[in-house]
Amino acid sequence: MSASGSAEHVARQARAAFEASSHLLSSPSSSASADSVRSSALLSIRTALESNRTRIAEANALDMEAATALVAAGKLSSALASRLDLFSKPGKWESLLAGVSDVAALPSPLDHVQWAKRLAEATDTKGAIDLYRVTCPIGVLLCIFEARPEVVVNIASLAIKSGNAAILKGGKESKHTAAVLSSIIAAALKEAGLPSGLIQTVETREDIQSLLHLDEYIDLVIPRGSNELVKAIQRDARMPVMGHADGLCIGYVHEDAELEATVGTVVDSKTDYPAACNALETLLIHDSLVHTSFWPTLASALLSAGVELRCDAATLSALPSSVTSRFEGKIKPAVDVDYSTEFLDLILAVASVPSLDAALSHITTHSSGHTDVLFTSPHSPNAAAAKFTRSINSANVFVNVSSRFADGFRFGLGTEVGISTGKTHARGPVGLDGLVIYKYIAKSQPHPTNGPQTAAEFNTNRKWAHTALQPHYPSF
């Protein structure tokens with residue numbers, strides 16, 4: 001079978017699984033039973049993952065072995081390789097499992113009545129007309145990501161809980177791990193009584209190129225990865241694309257920032273997981289702090305944590321020789337491109353700014369709209385914090401909080417399918433709420449004569465009401 005034929009087969013299966021699942025779980029009694037089935041399936045998936053830990057670890061070791069060789073040959077960055085590893089970083093495997101349980105325990109995002117409205121009152125011959133806006137699944141999701149194999153589990157969990165189907169394409173670097181994870185998930189779904197085709201994987205770029213044109217089967221594309229990957233998907237897809245191209249996160253240290261809290265939070269923002277899209281990439285410092293002990297203390301803490309600093313002239317010249325000699329080779333003059341670079345490594349661009357307005361201007365120009373942070377006094381009232389949070393329209397705007405908190409799990413979303421910097425229905429960490437859309441349900445209320453409900457009569461003698469109703473699911 002050709003790549004295009006294979007891809008269309010997968011897309012057809014995903015659409016068929018989505019429709020079969022929707023019909024299977026569309027009990028007229030309530031949506032609670034449907035959610036119970038989905039949540040039970042997720043718990044079965046967690047149990048299956050735990051039972052197959054050794055099998056998953058063996059597959060992950062194969063991917064890591066191949067990645068290590070590629071890093072040594074200069075064909076893969078160490079940052080990308082580090083994303084492959086499911087087991088070395090303390091808590092990563094456990095977090096993956098916890099994410100499945102957390103999603104299962106979340107309230108269903110489906111069948112929520114966002115609002116209800118009476119369009120027209122009853123007349124002598126016909127009943128009132130009511131309108132409801134109700135959440136529903138998007139349909140079939142195509143999720144494309146690089147390296148991180150745990151994304152298979154994250155997206156599968158969210159897709160199942162939100163009533164969607166998902167086609168997953170990971171980077172070739174994680175092919176062994178992703179294949180094992182997806183096979184375990186498919187088997188667990190079947191055992192739970194849901195179509196195994198709800199979660200499928202594809203392996204080649206040719207498959208993706210074909211899938212991006214199958215908008216009759218696929219409803220939404222969610223890419224996670226490099227700028228080049230996301231922009232290529234946005235260019236080629238015939239269906240909507242949700243995601244972010246860059247994670248260029250910027251922090252600004254205001255003149256009233258408190259030293260100890262700022263140092264700890266900045267260091268965490270950069271070093272907790274430098275390869276992540278929510279790691280700090282640029283640090284702006286009010287120039288009143290540059291020629292005091294504040295900046296050398298902050299710089300020393302970053303350097304001691306292994307961070308390379310690329311400094312503008314002011315911040316570079318303000319570092320005492322005791323710091324520059326101790327960390328020789330880790331402090332470099334910045335060039336313009338550093339302030340537009342997502343390093344995904346222990347590298348931080350630094351610049352001084354004369355004012356809050358100057359910081360806002362820099363962030364507006366250079367930020368990718370992912371996560372931007374203000375470090376300032378924690379005390380209220382704080383005019384700088386009020387202005388910063390109103391002026392910056394990034395998906396995540398933080399005050400005195402590490403940029404690493406921009407994460408679905410940490411937001412209490414259970415896990416996330418990705419970060420969206422777009423300005424559509426979902427922004428920031430995209431959890432369950434970002435994977436549902438809404439539909440309008442209009443209903444004619446019963447009447448003794450049940451006359452026809454026609455739009456034409458509103459051009460003559462019938463009036464619109466447009467009055468609010470209690471938002472409850474319509475009874476039928």
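Over the ring of which residue does the charged end of K443 sit? Select K443 together with F476: the charged end of K443 sits over the ring of F476, 5.0 Å from its centre, where a charge counts as over a ring if NZ of Lys or CZ of Arg is within 6 Å of the ring centre and within 35 degrees of the ring normal. The model is a predicted one, in which local features need pLDDT of at least 70 and side-chain atom pairs count only at pLDDT 80 or more, while totals for chains, interfaces and linings use all residues. Residues are numbered from 1 along each chain as its sequence is written, and side-chain values use heavy atoms, with hydrogens and water left out.

Select K89 and Y273 next, where the charged end of K89 sits over the ring of Y273, 4.4 Å from its centre.

Beyond its neighbours within four places in sequence, Q445 is in contact (heavy atoms within 4.5 Å) with R118, G127, A128, D130, Y132 and N450.

Now display the aromatic rings, among which there are 5 aromatic pairs; rings of Phe, Tyr and Trp (its six-membered ring) pair if their centres lie within 6.5 Å, and planes under 30 degrees apart count as stacked, over 60 as edge-to-face and the rest as tilted. One of them joins F87 and W93 in a tilted arrangement, 5.1 Å centre to centre with 35° between the planes. W115 and Y440 form another tilted pair, at 5.8 Å and 55°, and this pair links distant parts of the chain, with W115 in strand 1 (residues 113–120) and Y440 in strand 16, 325 residues apart.

Finish at helix 15 (residues 356–366), whose buried residues (under 20% relative accessible area, with exposed over 50% and partly exposed in between, for a 1.4 Å probe and protein chains only) are L356, A359, L360, H362 and I363. They cover an arc of only 165° around the axis, which puts them on the same side of helix 15, the arc being that of the directions from the helix axis to the C-beta atoms. On the other side, T364 and T365 are exposed. To see what covers the buried residues, show elements including strand 7 (249–253), strand 11 (347–353) and helix 16 (383–391).

How values were computed:
Helix = DSSP H or I, 4+ residues; strand = E, 2+ residues; numbered from the N terminus.
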